[in-house]
Amino acid sequence: MIINKIVFILLSILCLLFLGLWYLRRVNNIMASSKQTASTSSLAFYASLFKVNVEDIQKNTALISKEYAQAIDDLCAIQKNRLTYADVFGALDFIQSLSRAATWCNVCAALEMVSPNQQIRDAAHTALEQLGMLFVDKLSNNKQLYLLCKRYVDQYMVNDTLSKEQRFFVDHMMMQFERAGLATDEHTFNRIAQLKKELVALGLQFDAAIAQDSTIVTASFDQLKGVRKEILDQLVQNKDNLYELRLDYPTYAEIMGKCTNGRLRETYYKAFNNRAYPVNEKTLQEIIQKRNELARLVGYPSFASFDLADQMVGSVEQATLFLDDLIVRCKPKVTQEFAELKKIQHLSVQWTVDGKLQPWDLDFVQTLYKNTYYDLDPAMIAQYFPVENTIQALLSIYSDFFGITFKQIESNSFWHDSVKIVQVYTQENQTLLGTLLLDLYPRQGKYTHACQMSIIPSFIEQGTKKHCPGLAIVLANFPAPSADAQALLKLADVRTFFHEFGHALHALLGATSVVSLSGTNTKTDFVELPSQLLEEWLWDKDMLKRVSCHYQTAQPLPDDVIERIIGLKHFSTGYFVQRQAYLAKLALHYYNAAEPVDLQQSMQQLYNSIITHVAYPEGTHFYASFGHLYGYGAKYYGYLWSNVFAQDLFTVIKKHGLTSQTIGKKYSALILQPGGTQDPTDMLIAFLGRKPDAQAFFDAMGL
Ligand SMILES: [Zn+2]
């Protein structure tokens with residue numbers, strides 16, 4: 001997963017944000033700080049960004065808001081006889097990616113997720129709300145700014161010398177302006193402006209209701225049979241000695257996969273799938289209705305059409321064809337998978353009369369199946385992945401493949417002592433590409449998923465062609481080391497680590513001179529490719545040997561265990577594709593309906609028409625906590641879509657070798673470094689030497 005606060009706010013207000021503060025006065029200072037290569041001064045600068053208290057956050061945000069508004073007004077009032085790219089689009093590029101406001105917005109987004117201090121997290125959240133509203137007022141709804149850009153394009157661009165990247169950026173920006181409704185008549189525009197502000201508030205409300213759901217399911221020791229002792233030890237017990245189960249992902253995974261009490265699994269599953277219900281019912285209805293209205297005002301039949309029009313997929317029709325084909329293709333595999341699962345007998349599991357498994361039994365049965373037929377105990381495998389060794393192995397593999405070196409820096413100058421600092425250099429001339437902060441362990445109040453965030457983009461300085469290093473963060477929630485034992489990662493954790501590190505390298509290897517389109521600032525249905533690709537390294541025998549190292553014996557995983565792990569490559573991939581396609585179609589359906597939809601009824605109908613072997617969970621309201629419905633809009637299909645290309649690329653790379661620097665550098669140059677400055681299809685064709693093909697994906701999924 002990738003978090004780009006600017007992009008997230010962008011999605012909610014349907015417009016690129018032109019963040020800017022002090023850019024006229026501060027430009028040289030900021031550019032200088034991001035260009036420094038002496039590690040100490042750079043790190044000191046980075047650390048200072050996060051060393052703030054509540055008062056600092058409030059003061060900075062107020063100051064930024066005021067000066068930012070002034071800076072935008074100054075830009076709009078520019079008086080010159082002849083406008084140049086640098087005057088208009090160059091300035092915008094800087095404001096939205098390198099200005100202090102851009103950095104501050106990302107810092108606040110990070111603080112909200114990682115700060116150990118709740119007051120700081122709350123203050124950062126408030127700051128983001130204020131900045132979001134400000135951006136709508138001063139940028140997304142700024143007709144003057146649009147007219148300035150249009151004046152340059154209509155009158156002066158023809159006589160200006162633009163690079164290919166700059167031309168791409170101008171087209172991209174003008175399209176975003178039009179999508180934001182800035183080219184509409186005044187009456188229409190006023191309504192659009194109002195809708196955008198309402199949507200920012202609704203989106204924050206929708207996300208907050210999910211994050212703040214504090215439902216607790218209680219259970220006795222007997223009911224929790226099967227749950228591992230180390231998990232039980234972490235649970236709070238109430239005055240009646242009942243364990244309190246919160247609705248978070250680690251608890252969900254443990255209860256669903258391990259608890260032998262079917263009744264408790266059902267209760268917990270239903271509570272989990274009723275998070276933010278009923279509060280989000282009305283909020284989601286309003287989001288859908290307002291987004292649809294907005295899309296129609298800018299000339300699209302629905303929000304889904306609007307949302308997909310500037311993506312790789314291009315249209316709702318194309319996305320639907322893609323998903324429908326997958327739904328048909330995966331059906332035989334799903335049937336075969338559930339016939340296999342039926343071999344598992346357990347008192348707590350009951351199949352329905354029409355041969356379906358209950359949703360709260362699925363993970364449990366799958367876990368039993370893997371234990372029975374593959375003898376793979378995740379805890380045993382985890383002994384081969386002590387965290388320190390795994391990090392070193394990952395760095396060494398990526399170092400070989402990309403031709404880069406990593407330097408770990410000892411420092412406790414960031415928000416928590418456990419934050420690790422890794423600097424990335426080129427092997428040829430030791431150019432600093434960027435700095436990566438790894439915050440890997442859970443703690444009270446920290447964001448509970450894994451993700452990557454860019455704080456400062458990497459880019460190539462126009463003119464000097466020097467690489468200006470970026471700053472990125474990888475967040476995860478791996479099992480924490482204790483005083484006497486190091487942390488051991490489950491194989492799924494190692495995959496997550498490879499995935500998020502893939503996003504981080506995409507960000508730090510970014511080498512465009514248009515900074516706003518650097519690294520991961522590419523299309524949503526393309527951005528997961530680099531991460532999905534790198535996950536594939538962990539299905540390779542040699543790579544598993546190289547990464548694994550038993551925490552006591554220092555031995556790699558035995559061959560027979562590796563073979564059994566690889567033997568599970570196609571385990572449940574049919575159901576995975578079926579479920580992902582269902583979720584993708586649900587998002588498309590909600591945002592493509594001509595009339596207001598009945599959220600519950602249409603979800604149930606769609607579920608029953610796609611999901612073949614898992615019964616519909618009556619009495620649940622999953623849509624209320626389907627967070628992607630806000631942040632990703634109608635684009636959930638993007639996960640499957642980008643995976644098709646990731647698998648295609650992987651087969652080509654694998655032929656050359658997973659540590660071949662020749663192919664690694666080609667991949668970096670043609671897919672990562674151009675960021676969002678080229679059409680993704682052109683990039684894929686340049687790398688593959690042919691059009692992309694879905695066969696590799698079908699093979700990888702066993703379809
Ligand atoms: Zn991701």
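Student: Does Phe 501 count as buried or exposed, and at what relative accessibility?

Tutor: The model is predicted, so local features need pLDDT of at least 70 and side-chain atom pairs pLDDT 80 or more, whereas totals for chains, interfaces and linings use all residues. Residues are numbered from 1 along each chain as its sequence is written, and side-chain values use heavy atoms, with hydrogens and water left out. Buried means under 20% relative accessible area, exposed over 50%, and partly exposed in between (1.4 Å probe, protein chains only). Phe 501 counts as buried, at 0%.

Student: Which aromatic pair does Phe 501 form with Phe 497, and what is the angle between the planes?

Tutor: Rings of Phe, Tyr and Trp (its six-membered ring) pair if their centres lie within 6.5 Å; planes under 30 degrees apart are stacked, over 60 edge-to-face, and the rest tilted. Both residues, Phe 497 and Phe 501, lie in helix α20 (residues 491-508), four residues apart, about one turn of the helix; helices (H or I, at least four residues) and strands (E, at least two) are DSSP runs, numbered from the N terminus. Phe 497 is also buried, with a relative accessible area of 2%. The pair of Phe 497 and Phe 501 is edge-to-face, with centres 5.8 Å apart and planes at 85°.

Student: How many aromatic pairs does this rule give?

Tutor: Phe 338 and Tyr 575 form one of them, an edge-to-face pair at 5.8 Å centre to centre with 75° between the planes. Phe 338 lies in helix α16 (residues 316-341) and Tyr 575 in helix α24 (residues 573-592), so this pair ties together parts that are 237 residues apart in sequence. Phe 338 is buried at 2% relative accessible area, and Tyr 575 is buried at 10%. By this rule, the count of aromatic pairs is 42.

Student: At what angle do α19 and α20 pack?

Tutor: Two packed helices are described by the angle between their axes and the distance between the axes. Axes are lines fitted to C-alpha atoms, for helices over the stretch in contact, with angles from 0 to 180 degrees between N-to-C directions. In contact (heavy atoms within 4.5 Å), residues of α19 including Ile 391, Leu 394 and Tyr 398 meet residues of α20, among them Val 494, Phe 497 and Phe 501. The axes of helix α19 (residues 387-402) and α20 are 11 Å apart, at an angle of about 45°.

Student: Which charged residue sits over the ring of Phe 306?

Tutor: A charge sits over a ring if NZ of Lys or CZ of Arg is within 6 Å of the ring centre and within 35 degrees of the ring normal. Arg 275 lies over the face of Phe 272, at 3.9 Å from the ring centre. For Phe 306, the charged end lies 3.9 Å from the ring centre and belongs to Arg 179.

Student: Which residues are joined by a cis peptide bond?

Tutor: Most residues other than glycine have a negative phi, and most peptide bonds are trans. Pro 278 is found in the loop between α13 (262-272) and α14 (279-297). The cis bond has an omega of about 5° and joins Tyr 277 and Pro 278.

Student: What is the phi of Asp 375?

Tutor: Asp 375 lies in the loop between α17 (359-374) and α18 (378-382). Asp 375 is exposed, with a relative accessible area of 52%. Although Asp 375 is not a glycine, its phi is positive, at about 50°.
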